[in-house]
Amino acid sequence: MRIDNPKVTAAFEELGVAYRPNERMADWTSLGVGGPSDLLQIANFSALPELISLLDEQGVPWRFFGGGTNVLIPDRELPYVVLQLAPSRRDIEFGPGEAYVSAATELGRTVMECAKRDLGGMEGLIGVPGTVGGALRMNAGAYGTQIGSYVRAILLYRAAKRQIETLAGNEMHFEYRHSSFGPDDIMLSVRLELLAKPYREILGGIQVCNEKRRASQPLNEKSAGCIFKNPPGASAGKMIDELGLKGHRIGGAVVSERHANFFINRFGATAGDLLALIDDVRDRVRKSFGFELEEEVIVWRA
Ligand code: EPU
């Protein structure tokens, strides 16, 4: 969506919002698909309530976007503007046994910075791409670790109530690839309580996870990580593999030969190609195994 009103775009500057008109969202996503829209990058999250009030007053719909690594965006012009928190200069601070991290911070950088201060536990998350905010919303996990286990408090903007709130650990919950946050909740920062561990030990754990990931996942291709959640007691990747679907292609979208739950944009795929591949694989798994696979990737259907 394009904002054509110069008065509105001038107000962005006062709010410290970088206005990037007509961005191809394909350039901002790890899958390399996504249509055009105006992108608004917010340098200081305290400006968020005012920005959203301004957009609401002007009747401009908006949608929040994190790091772009777990999202499938349609190819057509989006019917809303896209908002994103810009990384801040002081994005991680430390207290005894704790880290205070801005939601726009890269998750991998967070794991490494914590390690340097002998704070561990999150080693398994090292290769998970994306931001801390996105990881919180999805309760990102890998190799037996999930971010939700370390969360002690979250600062978030609740668009439905139009206010910034702090939630303590007992006011939220995390499950496998799911959190209690709604679509109108925008993560701003988090307090993580970590485990005291020597740097070398943490580094050893990180290396093991990196090697496992390199051996089993297509890290050099355009993907959004695993496309489907694992159903309870089963593995989506194993089932897709057993159906002989590695290399299966629709348009430019291909089931990875390395890990069957990764769908790759290899030949200039459209979002439509990827969605068709998702539906096709889901149908085949349902018919053969009786499981209804649920998307792990967030699909912007509207
Ligand atoms: N397998 C196959 N063929 C394949 C892929 C997997 O037979 O093509 C088998 C493996 O040999 C293994 C089992 O399926 O016996 C499970 O595979 P894997 O260890 O790769 O884990 P996964 O369940 O497929 C999950 C997460 C990953 C995370 C890894 C490592 C989900 C949906 N996926 O994958 O997370 O990196 O474990 O902990 O929970 C993501 O969230 O995007 C993601 C990639």
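Let's start at Ala168, which has its place in strand 12, the strand made of residues 163-168. Keep in mind as you look around that this is a predicted model. Is Ala168 buried, exposed or partly exposed? With a relative accessibility of 33%, Ala168 counts as partly exposed, because that class covers the values between 20% and 50%. Now look for Arg152: along the sequence, Ala168 and Arg152 are 16 residues apart, yet in space their C-alpha atoms are 6.1 Å apart.

Next, let's visit the ligand. Which part of the protein does it lie in? Domain 2 (92-215) and domain 3 (219-299) both give residues to the shell around the ligand, so the ligand lies between these two domains. There are 20 residues around the ligand, and the ones that come nearest are Tyr143, Tyr176, Cys226, Asn230 and Asp241. What kinds of residue make up this shell? Seven are nonpolar, seven are polar and six are charged. If you are wondering which helix takes part, find helix 6 (residues 236-242): it gives the most to the shell, with three residues.

In the side chain of Tyr176, an N or O atom is 2.7 Å from an oxygen atom of the ligand. Ser235 also reaches an oxygen atom of the ligand, with a polar side-chain atom at 3.2 Å. Ala260 uses its backbone instead: one of its backbone N or O atoms lies 2.9 Å from an oxygen atom of the ligand. How much of the ligand does the protein bury? Taken alone, the ligand exposes 820 Å², and the protein buries 71% of that.

Tyr143 sits in the loop between strand 9 (141-142) and strand 10 (145-146). At a relative accessible area of 33%, Tyr143 is partly exposed. Here is some background on the backbone angle called phi. Most residues other than glycine have a negative phi. In Tyr143, however, phi is positive, near 50°. Asn22 is another residue with a positive phi, near 55°. Asn22 has its place in strand 1 (residues 17-24), and with a relative accessible area of 41% it is partly exposed.

Now for the cysteines. A disulfide is a covalent bond between the sulfur atoms of two cysteines. How many disulfides does the structure hold? It holds zero. Take Cys209 as an example: the nearest cysteine sulfur belongs to Cys226 and is 15 Å away, and Cys209 is in no disulfide. A disulfide would need the two sulfur atoms within 2.5 Å. Cys209 counts as buried, at 9% relative accessibility, whereas Cys226 counts as partly exposed, at 25%.

Our last stop is Glu113, which is found in helix 3 (residues 107-116). Is this charged residue buried or exposed? At 16% relative accessibility, Glu113 counts as buried, because buried means under 20%. What does its side chain touch? The side chain of Glu113 makes a polar contact with the side chain of Lys116, at 2.9 Å.

Definitions and conventions. Residues numbered from 1 in each chain as written. Predicted model: local features only at pLDDT ≥ 70, side-chain atom pairs only at ≥ 80, totals over all residues. Heavy atoms only, no water. Buried < 20%, exposed > 50% of the residue type's maximum accessible area, 1.4 Å probe, protein only. Near = heavy atom within 4 Å. Polar contact = N/O pair within 3.5 Å; in protein donor to acceptor, adjacent residues only side chain to side chain. Areas by Shrake-Rupley, 256 points an atom, 1.4 Å probe, with all protein chains shown as cover. Helix = DSSP H or I, 4+ residues; strand = E, 2+ residues; numbered from the N terminus. Nonpolar A, V, L, I, M, F, W, Y, C, P; charged D, E, K, R; others polar. Domains from an automatic or database assignment.
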